[in-house]
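Me: Got a model to go through with you. Can we start with the metal sites and then look at the packing?

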Amino acid sequence: MSLWARKAKSARSIATGGTAFSRCDILDQVEAVGAGAFWATDEEGRLAYLSTGALDALGGNEESLIGRPLIEIFTGVHEESGEEAQRTLGFQLRSRSRFENLIVRVDVAGHGDGSPGRTRWWRVSGKPYIDQKGCFQGYRGSSIDITAEYGRQLEAAEHSQYDPLTGLANRRRMASRLSMQLSACKVAGRSCALIMLDLDRFKQVNDTLGHPAGDELLKQVAERLKTVIKDRGEIGRLGGDEFQVILPDIDDRGDLTDLSARIIQMISQPYSINGKRAIVGTSVGVAIAPYDGIESDELNAAVDLALYAAKGSGRGLCRFYTADLRESAEQDSRIEEDLRDALVKGEMQMHYQPLVSPQDHTVRGFEALMRWVRAESGPVSPAKFIPIAEQTDLIVQLGSWALRQACEDAVQWPGQLRVAVNVSAKQFMNADFPKIVASALSSSGLEPDRLDLEITESVFVGEVEAVDKTFAQLKRLGVRLAMDDFGTGYSSLGYLNRAPFDKIKIDQTFVHGCSAGGTTNPAIISAIVALAKALGMKTVAEGVEAMDELALVTERGADLVQGYIYSRPLTHDAIMERSGTESFVFPPSGPPRYRADRMNYFRKIGVIHEDHYYKAMLRNLSKTGARIEGLAGVEQGTALILDLGGGQLAVSKVVRAEETAQGLKFETALIGDGNDGLMTRHRISPYALATAGMPLAALPPGSYPLAEQMSGSNSPRKFFEVDVDRKSRF
Ligand code: C2E
Ligand code: MG
Ligand code: MG
């Protein structure tokens, strides 16, 4: 019998309709149906009474419970109500105030026979009991065991750590994992890589195949990511088509480059969704703690910038964070702002690059290329501003202007010279596009068959019917269509069949350098020419610069050639000046042979030798070595460390020594940075720098101030720094 029951033996009975009920009986029955239990404390806050059912639930050991402070028995409070509620319970008990519906944890001890303890969850309410004399006598309260229900809630909370669609960790879990991981890194001086990816063209899959198909695609993407990552790290879906991977203890940028390449390759394979084929790609950004950020916020911001840069430099690429990305992202947003006013301010121009017949060097037409001369900083490359215009839809407005301008200019050109205008997928997708073309033609008076529209394969990801309708409308207008940059996209032959193209432009990547030998490019050019012939289309070889390239593409049967070998893009006025005769002739002129682009640098770098720091000029950089200039007295065989900036130190040896220039070989080869540059696999760790007395911070841009660190050395300097004139030798 419980203490309460014993005390209550003297309790009065209630008589109703002849039946006598003891209050205690009723309470016992209430408890027996699971409606609640009762407890009481003495004036010191110690448990004085617990009803039988509750005692049993707690292992039935009355002696170990009665007399213990209540705050010790209710060992924890609902996680969500957190510390505050825990404090509240203690506070309320001390201040003798009432509390209601607090969820508390009650730990049930094992039986001392080795059986494990259990945890139960109770919802408790309590009220101070003041006797007739106004004295506080302790608490009287009730409780109800909600372990089953609360357990489910806990489980649901556990589930809310995961994305229900893909089963991957959700944003919340990734955030807490990352901050845990980074804290651990700080303690142990370890590293942690963060990869962020975002699918390219996912929106089109959703738009064309529907949202359920989009969901299915995300699931398949998650599976593929798991296959690549295995147990090396945790993968999460942050929402939409954004995924993240946390990879503890990896900081080798070579390994991360390989891993990212595998991710990109896996994700870019076609998907089969309910019997339909879908293709997406992905861009990847990588940031590594502690180099790019010590805390979560910093590392997340870094990886976002890296991803943004990856998307900006073309799709399907991986970029690593470097401190200068921050500045270039700011530049991009300024470009976007200025681009909005560029048309109104008259900063846009159209230039025209000839398309020439290699047989007789006569011009057959011109490709219209947009030029932007920005008031504050001069010309901006289309490779820079067109992608920004595409992202922001400004391209629709700019593209319409380009079309009008090109038609107005071309109508003044002599003979039947044609003009080719680039059309981005966004413009093409606009339902009004055929009307815009028709209006440009009618207001300029240009005959429709003198206008080519250059379209890239990216238009085909649009909704099939709408795309086909636009093609049919354009054909009806009588304009011609050219497939631009052929070979760089998905190059499905089906596309060529589906749209009535008149011309295929063989992308520069196959043309430039095609004569170098050791590549399959000549074979690809032949194949594209043969394919075009079979389909009744003409071919244009883009980007021909050298005589041997011209000879090769001519021999392989390209109908037209466009490239610096004939001319760079010209202004309309320049064309009018040259157009004395009806048939233009542009004699080819260029280097006889293709030469691989050599990277010539004029970049100041640091050179570390023993405990001295020197400044030198980097003149040439390859994966395996470098040429530096500006140090005198360096002998062959000397070991030097190059400080390439951003914490990149390359251990190297002098293999060729001239008076003030040296050829160096690196101990560990550099790797590509995904942006035509090179980088070291490893960087100097901010932890190492902190040990050397510097503040712990992510690596700053540029040359690390190791120079100042090393300036205190007393030993004599071995080399002299000499001024090198940028132009003297090159
Ligand atoms: P694209 O349509 O493939 O244009 C050819 C690009 O190759 C032009 O670059 C041209 O100047 C360049 N090029 C021509 N011959 C050579 C050569 O021998 N060597 C090298 N290295 N390059 C050569 P540009 O003018 O910088 O334009 C870049 C891209 O920007 C164009 O590629 C096109 O996709 C886009 N673009 C340019 N103007 C427009 C426009 O008005 N509308 C749209 N939507 N896109 C445009
Ligand atoms: Mg083009
Ligand atoms: Mg092109």
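Me: Is Glu 542 buried or exposed?
Reply: Buried, at 7% relative accessibility. Buried means under 20% relative accessible area, exposed over 50%, partly exposed in between, with a 1.4 Å probe and protein chains only. This is a predicted model: local features need pLDDT of at least 70, side-chain atom pairs count only at pLDDT 80 or more, and totals for chains, interfaces and linings use all residues. Residues are numbered from 1 along each chain as written, chains are lettered from A and ligands numbered from 1 in written order, and side-chain values use heavy atoms, without hydrogens and water.

Me: What does the pair Asp 484 and Glu 542 tie together?
Reply: Parts that are 58 residues apart in sequence, because Asp 484 lies in strand E21 and Glu 542 in strand E23 (residues 538–542). Strands (E, at least two residues) and helices (H or I, at least four) are DSSP runs, numbered from the N terminus.

Me: And what does Asp 484 bridge?
Reply: The magnesium ions ligand 3 and ligand 2, which lie 3.9 Å apart. Asp 484 is buried, with a relative accessible area of 5%.

Me: Which donors does ligand 2 have?
Reply: Glu 367 (OE), Asn 422 (OD1), Glu 454 (OE) and Asp 484 (OD), at 2.1 to 2.2 Å. Their spacing along the chain is E-x54-N-x31-E-x29-D. Asn 422 is partly exposed, at 27% relative accessibility.

Me: Switching to packing. Which residues touch the most other members of the largest nonpolar core?
Reply: Val 419, Leu 451, Leu 453 and Phe 471, out of 75 residues. A nonpolar core is a set of buried Ala, Val, Leu, Ile, Met, Phe, Trp, Tyr and Cys residues joined through side-chain atoms within 4.5 Å. Helix H15 (residues 394–410) gives the largest share, 8 residues.

Definitions and conventions
Donors are N, O and S atoms within 2.8 Å of the metal (3.2 Å for Na, K and Ca); water is not among the atoms, so sites may look incomplete.
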